Amino acid sequence: MHADVVVLDIDGVLVDVADSYRRAIVESVERHYGTTISRDDVQLFKDAGGFNNDWELTYAAALYVLTARETGHSLAEFTDEIATRGGGLDAAEAVVESALDDPSVVFDEWDTEALRETFQALYLGGDLYRDLEGGEPPFEASGYIHDEPVILRQETLNAFGDREIGVVTGRPSAEADIALDRVDLDVDDDHRFTMDDWEEGKPHPAALVTVAERLGAESVVFVGDTLDDVKTALNADAADPERVYYGVGVLSGGLSGDEGRQKFSEIGASAVVEDVNEVPGLLD
């Protein structure tokens with residue numbers, strides 16, 4: 001790959017979020033409904049597609065828990081049906097509506113605002129919640145954001161040489177700032193897209209294409225930890241004939257091992273590596 005621009009996702013690529021975002025998803029649902037999914041189960045929603053936003057994944061996990069009480073559906077059945085309907089929260093709601101004669105028994109108990117507040121309190125902790133959310137948290141917590149080990153090594157950044165670096169992430173801008181500071185990566189605001197900068201989300205190619213245009217790229221490697229990340233690169237390659245896009249999957253997020261490698265390969269990943277620190281070796 002002779003790419004002159006490298007665009008990076010954050011979660012599962014720059015930092016490990018197994019004990020932060022994924023933990024907050026699981027525990028937010030449990031706090032409200034007394035039962036939940038496992039951290040490994042989060043990947044089933046990611047694989048179904050359309051869950052770049054972890055708040056929306058939390059809402060969908062809550063829908064599953066509430067629906068399963070009424071129907072006994074397995075999580076695999078629920079997420080497979082989401083995938084069949086195109087992925088994302090709208091598809092999850094449609095699954096509920098098709099599964100129940102009276103979906104109001106689920107939707108009346110489903111409280112997305114309360115779930116988001118709980119998620120943010122768990123993830124940010126009290127002090128950051130007050131700073132970023134502008135109010136009092138529903139409870140005090142230490143903040144799982146502080147439990148995000150750095151994956152990207154400084155020597156990897158150096159190995160990218162004079163290639164331009166961009167970022168496309170589903171994080172809110174303020175939370176992206178925290179992660180980028182932690183890995184000591186300085187990215188100009190014009191060369192990154194966060195949740196706050198676009199509505200479509202991955203795998204829509206708009207953000208990646210825009211970053212590539214702004215960086216004057218001829219060819220782009222996009223590194224991500226989900227199938228939607230690789231699909232974003234594939235969609236950008238189809239949408240933008242002026243450039244070549246490569247989607248590289250890393251096994252340092254929810255997908256791992258031979259199964260993860262196979263899933264990335266099946267959807268058309270240009271390469272699959274253990275983590276982002278192996279990416280410079282693809283470019284030499």
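Modeller: The centres of domain 1 and domain 2, taken over C-alpha atoms, are separated by 25 Å. The domain bounds come from an automatic or database domain assignment. This is a predicted model, in which local features need pLDDT of at least 70 and side-chain atom pairs count only at pLDDT 80 or more, while totals for chains, interfaces and linings use all residues. Residues are numbered from 1 along each chain as its sequence is written, and side-chain values use heavy atoms, with hydrogens and water left out.

Colleague: How is the protein chain divided?

Modeller: Domain 1 takes 5–16 + 149–282, and domain 2 takes 18–144. The contact between them draws 18 residues from domain 1 and 18 residues from domain 2, where contact means heavy atoms within 4.5 Å.

Colleague: Where does Val17 lie?

Modeller: Val17 is in the loop between β1 (5–8) and α1 (21–33). Helices (H or I, at least four residues) and strands (E, at least two) are DSSP runs, numbered from the N terminus.

Colleague: Does Val17 count as buried or exposed?

Modeller: Val17 counts as buried because its relative accessibility is 8%. Buried means under 20% relative accessible area, exposed means over 50%, and partly exposed is in between (1.4 Å probe, protein chains only). Leaving aside neighbours within four places in sequence, Val17 is in contact with Asp11, Gly12, Arg22, Glu148 and Arg171. Asp147 is 130 residues from Val17 along the chain, yet their C-alpha atoms are separated by 7.8 Å.

Colleague: Next, the core. Which residues in the largest nonpolar core touch the most other members?

Modeller: They are Leu14, Phe45, Ile82, Trp110, Leu185, Val223 and Val279, in a core of 73 residues. Helix α3 (residues 54–71) supplies the largest share, 11 residues. A nonpolar core here is a set of buried Ala, Val, Leu, Ile, Met, Phe, Trp, Tyr and Cys residues joined through side-chain atoms within 4.5 Å.

Colleague: What does Trp110 touch?

Modeller: Not counting residues up to four places away in sequence, Trp110 touches Tyr33, Tyr59, Ala62, Leu63, Leu66, Leu89, Glu93 and Leu115. Val29 is buried, with a relative accessible area of 0%.

Colleague: Now the helix packing. How do the axes of α7 and α9 cross?

Modeller: The axes of helix α7 (residues 112–133) and helix α9 (residues 173–182) come within 12 Å and cross at roughly 100°. Axes are lines fitted to C-alpha atoms, for helices over the stretch in contact, and angles run from 0 to 180 degrees between N-to-C directions. The two helices are therefore roughly perpendicular to each other. Angles under 35 degrees count as roughly parallel, over 145 as roughly antiparallel, 65 to 115 as roughly perpendicular and the rest as oblique.

Colleague: Which residues make the contact?

Modeller: Helix α7 contributes Gln120, Tyr123, Leu124, Leu128 and Leu132, and α9 contributes Ala174, Glu175 and Ile178. They divide into 6 nonpolar, 1 polar and 1 charged. Ala, Val, Leu, Ile, Met, Phe, Trp, Tyr, Cys and Pro count as nonpolar, Asp, Glu, Lys and Arg as charged, and the others, Gly among them, as polar.

Colleague: Finally, the backbone. Which residues does a cis peptide bond join?

Modeller: The bond is between Lys202 and Pro203, with omega of about 10°. Pro203 sits in the loop between β3 (192–193) and α10 (206–214).

Colleague: What is the phi of Asp184?

Modeller: Asp184 has a positive phi of about 60°, although it is not a glycine. Most residues other than glycine have a negative phi, and most peptide bonds are trans. Asp184 belongs to the loop between α9 and β3 and is exposed, with a relative accessible area of 55%.
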